[in-house]
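Let's take a friendly walk through this model, one site at a time. Keep the view open as you read.

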Amino acid sequence: MGFKLYSFAGFSFYLFVGLTLHLQVLEFCSAGTTSSYVRKYNYDIDMPLDSDVFRVPPGYNAPQQVHITQGDSEGRGVIVSWITADEPGSNIVLYWPENSKHIFRADGIVLTYKYYNYTSGFIHHCTVEDLEYDTKYNYEVGIGNTTRQFWFVTPPKVGPDVPYTFGLIGDLGQTFDSNTTVAHYQLNPAKGQTVLYVGDLSYADDYPYHNNIRWDTWGRFTERSAAYQPWIWTAGNHEIDFSPNIGEPKPFKPYTHRYFVPYRPSDSTSPLWYSIKRASAHIIVMSSYSGYGKYTPQYKWFTSELSRVNRNETPWLIVLMHCPMYNSYETHYMEGETMRVMYEKWLVEYKVDVVFAGHVHSYERSERVSNIRYNIVNKRCTPTKDESAPVYITIGDGGNLEGLATKMTEPQPEYSAYREASFGHGIFDVKNRTHAHFSWHRNQDGVAIEADSVWLHNRYWKTMAEPSIAVS
Ligand SMILES: *[C@@H]1O[C@H](CO)[C@@H](O)[C@H](O)[C@H]1NC(C)=O
Ligand SMILES: *[C@@H]1O[C@H](CO)[C@@H](O)[C@H](O)[C@H]1NC(C)=O
Ligand SMILES: *[C@@H]1O[C@H](CO)[C@@H](O)[C@H](O)[C@H]1NC(C)=O
Ligand SMILES: *[C@@H]1O[C@H](CO)[C@@H](O)[C@H](O)[C@H]1NC(C)=O
Ligand SMILES: [Fe+2]
């Protein structure tokens, strides 16, 4: 037990550790809101290795770390991944619609990797295809020795008015706070159907020699959600695992072996950038840590991908990247500038609805602004209101061991609509082609409480009558 010093709004005071104190003070600046909500004391340490959430499932060679993601471009495919510890075992997934006796099977692959002195278990990836839309499927893995069953629900057929609810989680890690974030997300009555994950998964690289055992514990911890609904993966800096001093010079090795994504269906040449369509959304995933300058593979892919987006079919255009382009915290301040300079004009021209990022361990939402008029001599380098611009949301507040980013640049810039240093998750709830609702849920609140929220009006489909811009 002890005392901890908190300071906010110019005051400093002591909170007795262990005491639950909830104070909510809102300061209204000329611009947006800086909330100085004071969190109760929380641990920023990883859950110990013998925690319940890290338990290895019983049985010889039992599949563990089961997780699914979308397996094709339209949502009729699912990639099922799992790890077996004792032997390769079977690569087969058995699956069947909930109300059917007919059992289908798909065959996958198995691989392993080494990292310094760590050797992975047998990592299985199996793509299940040609599923019916909007259907609950049961599936079974570990055929032969110890089987385990799970289920998932396929999305409705892609179309402009298909309602769908996405969860937003970033920078999760594996602390007690991370566990609260997942529990909170799962209990949210908004019922997220798919997680858009904005990067930085296990934080294993914060351990000596990037102890990859912490990739395994993370896989077991997140299974309770990721085995039942797709998590759409984005690579963050903690996925790079670049460590030539211990003989590991190949970036993204653990991440790309463990987390497969459907990059080939979107004509990408790398799992680090790709896109999917799901329900009424077209989701583009980018890599903040791969080449993105002009002429690079990512740049070429991204710019041609934008022209493939059909807003008549998927009115909602969402971009995920790890490092935010608009961030008014001191942590990682301006790290997203190079990416912004390269890509912001594209996001505005194509009326991207929302850009979700992580990296900064806090929450922030922007106004619709752009900063694309600068040409090196004209001095026009301040963000200005722009109805064509996306809303930028930083949701790197999953609760990892590095703790919260609490220091903010002052004064709050005008483009920043709301910012708060608390752990939580987001919900992006698409209602129809014109309306979507975003809400942010901090961990300390009741599960239904929206600590911040905003309606997003689709700029392509301003009215049901006709599209407001011609994209394509
Ligand atoms: C890997 O090396 C580290 C540092 O030498 C050591 O602490 C650890 O026990 C080793 N792990 C294995 C699996 O050999
Ligand atoms: C696991 O299954 C394989 C193939 O069916 C079998 O040969 C092996 O004996 C089993 N191992 C155990 C421990 O049951
Ligand atoms: C993690 O959260 C789950 C769900 O609330 C709970 O059952 C479990 O005991 C928690 N584990 C730890 C280590 O806090
Ligand atoms: C779209 O959803 C919004 C919010 O729920 C609702 O107000 C609006 O009437 C809906 N539009 C149509 C055409 O149903
Ligand atoms: Fe990060």
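## A tour of the model

P411 sits in the loop between strand 25 (391–395) and strand 26 (416–420); helices (H or I, at least four residues) and strands (E, at least two) are DSSP runs, numbered from the N terminus. The peptide bond leading from E410 to P411 is cis, with omega near -5 degrees.

Before going on, note that this is a predicted model, in which local features need pLDDT of at least 70, side-chain atom pairs count only at pLDDT 80 or more, and totals for chains, interfaces and linings use all residues. Residues are numbered from 1 along each chain as its sequence is written, chains are lettered from A and ligands numbered from 1 in the order in which they are written, and side-chain values use heavy atoms, with hydrogens and water left out.

Which residues hold the iron ion (ligand 5)? Its protein donors are D200 (OD), N237 (OD1), H322 (NE2) and H359 (ND1), at 2.1 to 2.2 Å. Donors are N, O and S atoms within 2.8 Å of the metal (3.2 Å for Na, K and Ca); water is not among the atoms, so sites may look incomplete. In sequence, the spacing of these donor residues reads D-x36-N-x84-H-x36-H. D200 and N237, 37 residues apart, link distant parts of the chain: D200 lies in the loop between strand 16 (194–197) and helix 2 (213–226), and N237 in the loop between strand 17 (231–232) and helix 3 (253–258).

H359 is in the loop between strand 21 (354–357) and strand 22 (363–366), while H332 is in the loop between strand 20 (316–320) and helix 5 (337–349).

The table lists relative accessible areas, where buried means under 20%, exposed over 50% and partly exposed in between (1.4 Å probe, protein chains only).

| Residue | Relative accessible area | Class |
|---|---|---|
| D200 | 1% | buried |
| N237 | 23% | partly exposed |
| Y259 | 3% | buried |
| H332 | 25% | partly exposed |
| H359 | 3% | buried |

Y259 belongs to the loop between helix 3 and strand 18 (274–278). Not counting residues up to four places away in sequence, Y259 touches H67, H125, L201, W215, W218, G219 and W233, a contact being heavy atoms within 4.5 Å. W233 and Y259 are 26 residues apart in sequence, with their C-alpha atoms 7.7 Å apart in space.
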